[in-house]
Amino acid sequence: MLSASGALLGAIALSGAPARAEAAGAQTRTGSYQVITSDSEQFEDLQQGTNLRWKGQAQRIAFPRTSAEVAEELRTVLRLGLRPSARSGGHCYEGFVSNPAVKSIIDLSAMDQVRWDPEMNAFEIGAGAQLGLVYQLLYKQWGVYVPAGNCPTVAAGGHIAGGGYGSMNRRDGLVVDHLLAVEAVHVRQDGSVTVSRGTRNPQDRHHDLWWAYTGGGGGNFGIATRYWLRSPSAADTKPEKSLPSPPRHVWLSTVSWSWEGIDEASFTRLLNNHGQWHENHAAPGTPEANLFAQLKTWHRSNGFITMDTIVDAATPDAEGVLNRYLAAISAGIPPAKVTQRRLVPWMQATQWSGFTGPDSTRRFKGKSAYLRRTYTPEAIAAAYRGLNDPTITNPGALLMIASYGGAVNTVAPDATAVPQRDSIIKFQVVSIWDNPEDDQANVTWTRNTYRGMFASTGGVPPLNSTADGAFVNYADTDLDDSTWNTSGLTSFDLYYKGNLPRLKRARATYDPKGVFSHAQSIPLA
């Protein structure tokens, strides 16, 4: 995901005490936090995140543990004249953090706290807390959860900032729909470093900071250090009643279709079946809203198309919901092979390999789209061509198609910074590979397949009755390249739609000097 960024409620200015660590030296401690520099053994490894396509050239990588230490480190970095960036889990799709222009990385992985804050009446989550840890600690201690993402190594910082989603989105909405407050370190117009906290209370002087962090993306508003989670509907002050309870058990299912039995007509029927089911079952609060699936149409060289599905086992007739879904998707095409079907406790299901994301030793390129209706014939035909393209033989190239809608669509488009609130499907064309020499072939395949799916709308998902732009946490710099986007829409239009003007104002307030910048930073108003 994107790097973390942000600001907070009372604009508490921290002292301007001089920082004590310089850019030289192997490993030093500034106060109580670690600073890694060029002579340390791990320095080269820490230049990279999860996507090994990108490697940075930072001179300094710091691991502060509190907002005050983040502020102290930021003062030091600015005094040294180094361009800073923040990193929470390191899952950025593009080189926004692992970038040669970035000379200082403020790594938030030491800020991994998950605790109940009685003063805020909410759960405090550190920006560096990985989602797998968040799920475990919330559930084991209090029996609650938050509907965040499926990859357990993604951290809260960038995930929440971009309006992250996961396998319970149709049941309980997005993670930002449960965000009470955010704290961030940012730089004011006069160059001073400040910590601020914003809440969802519209009367809060830093309400716009909170709103910006409900989907405005990382690297725009400073450095988010802490989030507080509490559902808007929670009336009780007990932690056990402050967030949703997860399913106690879930049904997991994996089915597959052999490419040997799939021709273009069968492929078209498969995607039409899938899209039509999601059109018919987009409403919140129904038994079907408790079902989520990922349809993975792998490149033919993989041999198979697969679909992973999860259903809350407490759903009325849960197995019937699953059976009817599988029957609807498979109607009129060669039968799927059931490779697994089992009842699993929810805690264990959070680690299920069906949803956990790409191996962190690999390289990848992804391009996303929201759909409001089923796939167009143009999109299906282009997807089929791409998945049967003989110029690559990468079994890790695919369309990764996720269920969407349900509770997500009960929130107004301007209530949070996430404007896509009537979509039914979110997908990405993505290629995952291992070797640097395969970069060009895989990036080209991803670009060409995606452009073909939206050829009649300038190569990108339009803002119309069938599609609704792109997902900011699947960052894609091609959206601002006229070679790949001739629609007249920018990445900001596709990510933020009508929420862009307010996000510009928030950027101008919380990062007016543009201290935190990357290739798709929100423009200063």
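This is a predicted model: local features need pLDDT of at least 70, side-chain atom pairs count only at pLDDT 80 or more; totals for chains, interfaces and linings use all residues.
Let's start with the charged pairs. Searching the whole structure turns up 27 salt bridges. One of them joins the side chains of Asp177 and Arg421, at 2.8 Å from N to O. Asp177 sits in the loop between helix H4 (169-172) and S9, while Arg421 is in the loop between strand S17 (397-403) and strand S18 (425-433), so this pair ties together parts that are 244 residues apart in sequence. Asp177 has a relative accessible area of 13%, which means it counts as buried, and Arg421 is buried with 4%.

Now move to Glu183, which meets Arg197 in a salt bridge (3.0 Å, N to O). Arg197 belongs to strand S10 (residues 193-199) and Glu183 to strand S9, so the link ties together parts 14 residues apart in sequence. Glu183 also forms a salt bridge with Arg226, with the closest N and O atoms 2.7 Å apart. Since Arg226 lies in strand S11 (residues 223-229), this one ties S9 to a part 43 residues apart in sequence. Arg197 and Glu183 are both buried, and so is Arg226.

Strand S9 comes up again with helix H12: the buried residues of H12 pack against S9 (179-187), helix H5 (207-212) and helix H11 (491-496). Those buried residues of H12 (residues 500-510) are Leu500, Leu503, Ala506, Arg507 and Tyr510. Looking down the axis of H12, they fall within an arc of 115°, so they line one face of the helix.

Finally, there's Ser256 in strand S12 (residues 249-258). Its relative accessibility is 8%, so Ser256 counts as buried. Beyond its neighbours within four places in sequence, Ser256 is in contact with Phe304, Ile305, Thr306, Ala336, Lys337 and Thr339.

Note on methods. Residues are numbered from 1 along each chain as its sequence is written. Side-chain values use heavy atoms; hydrogens and water are left out. Helices (H or I, at least four residues) and strands (E, at least two) are DSSP runs, numbered from the N terminus. Buried means under 20% relative accessible area, exposed over 50%, partly exposed in between (1.4 Å probe, protein chains only). Contact means heavy atoms within 4.5 Å. The arc is that of the directions from the helix axis to the C-beta atoms. A salt bridge is a side-chain nitrogen of Lys or Arg within 4 Å of a carboxyl oxygen of Asp or Glu.
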